[in-house]
Amino acid sequence: MASVLRVLLATRRVLELPSSSQTQRCWLSNRACLLRRLMEEPKSRIKTLLASAVKEDSALQSSDFCWESLVTSLASEKTHLVLEWKLEKLLKENERDHDRYCELISLCGKVGNLPLAMQVFSSMEANGVKPTCAVFNSLIHVCFSSGNLFTAISLFEIMESSEGFKPDSDTYDAFMSAFLKSGKTDLMQAWYSAKKAAGFDSDIQTHQSLISGCIKLKKYELGDMFYKEMVLSGIMPNLPILEYMLEGLCKRRSSGQVKEFLEMVCGYGWKMSGKMAEMVVGLHVELGKVERLKELLETLMESDQTTEVLLPVHCGITRMYAMLDRLDDVEYSVGRMLKQGLSFKHPDDVERVICSYFRLSEYDRLELFLECIKGSYELTGSTYDLLVAGYRRAGLSDKLNDMKLAGGSS
């Protein structure tokens, strides 16, 4: 609420106009101004205010107007009045479009107002507008957002026994999503099976929701099952699904399965994301498996992955070798990376390499390393400080002076 008030105060200062008529036009044409007026007005004037606003500003009747952000910013009693006014307006205009009623029911769900959503539904029927499957689905979503499972089940049973609004794929998805969010995976699976038994296929978005939900709940085997069923049904994974699957494998700390998965991804010619590369590097750094990471890099290079993917792996390998003080491997890895037209991105990786040179007292080789990366990477202030401290400990006054001049250290 405090952030909303700050926005409104800023809006008031920017939009302050000399005459009352100009000010009125301002708040009618701007959602923030309308919100401010609704917050300021007493409850008894909310509906009158909205009626006047609609007459003066046609934008409020546009489908682009964001009623959701408005009603979720008001106190509950005023929100109820706004939604009630919208229902009265639909009935007064004898609205026949089911989508308008669905939108209003969904708005009720955003604020957890199931009784008003039910009132919208019954008023629509009383006005001679027959419900559709989409309307029932909207109402079921409101039931779940309000924590009312019993009513959601009752609505589903009504749909099943009807002729004109039988449950569709979205109906089953609503139950699956709700049970998955609440961690009730057994019930989610039951509805997934019921959906298949009813003859409905799941699209890629449904599979993505199921897989991501399973990974978040650490139900990795269940996520694997949904992935396999998706592929067997002929649906190829999108990038988010690949990311979720890799996340599950990394969380299981299974380097072997990660290798198999990435070989499969590369084998199909699919492109990975930088996020996937970071997960792979993080796992292998944690496990200390630099040779396995090196093998994966070769696979990625052969499959022509992007720079965004290759660079974190190059740097990860170099970092691990530096931590092990394997300077020959460090220098080979850096050379390979530079030949690919890539260079370090984060100071931390460069500084780990520098620390390795200092630990082994390999100052000449350190100079060669700095010379190699000079054209592709600019040293940061913290890196110069590290070099100054290292040379000072080593008693190399000439190098120390060079570093002070280059980095501006005192």
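I take a helix to be a DSSP run of H or I with at least four residues, numbered from the N terminus. The model I am reading is predicted.

Entry: serine 202. I looked up where serine 202 sits, and found it in the loop between α12 (185-197) and α13 (204-216). Is serine 202 buried or exposed? Its relative accessible area is 12%, and buried means under 20%, so serine 202 counts as buried. I then checked its side chain, which makes a polar contact with the side chain of lysine 195 at 3.1 Å. Leaving aside neighbours within four places in sequence, I listed Tyr192, Lys195, His207 and Ile235 as the residues in contact with serine 202.

Entry: positive phi. I noted asparagine 94, which is not a glycine but has a positive phi, near 55°. I placed asparagine 94 in the loop between α6 (76-92) and α7 (98-110). Asparagine 94 has a relative accessible area of 41% and is partly exposed.

I also noted serine 361, another residue that is not a glycine, with a positive phi of about 55°. Serine 361 lies in the loop between α21 (347-359) and α22 (363-373). I read its relative accessibility as 44%, which is partly exposed.

Entry: the core. Which residues touch the most other members of the largest nonpolar core? I found Phe261, Phe344 and Phe369, out of 120 residues in that core. Helix α19 (residues 307-323) gives the most to this core, with 9 residues. I followed up phenylalanine 261: not counting residues up to four places away in sequence, it touches Tyr227, Leu242, Met245, Leu246, Leu249 and Met276.

Technical notes: Residues are numbered from 1 along each chain as its sequence is written. This is a predicted model: local features need pLDDT of at least 70, side-chain atom pairs count only at pLDDT 80 or more; totals for chains, interfaces and linings use all residues. Side-chain values use heavy atoms; hydrogens and water are left out. Helices (H or I, at least four residues) and strands (E, at least two) are DSSP runs, numbered from the N terminus. Buried means under 20% relative accessible area, exposed over 50%, partly exposed in between (1.4 Å probe, protein chains only). A nonpolar core is a set of buried Ala, Val, Leu, Ile, Met, Phe, Trp, Tyr and Cys residues joined through side-chain atoms within 4.5 Å. Contact means heavy atoms within 4.5 Å. A polar contact is a pair of N or O atoms within 3.5 Å; within protein, one must be able to donate a hydrogen and the other to accept it, and residues adjacent in sequence count only if both atoms are side-chain atoms.
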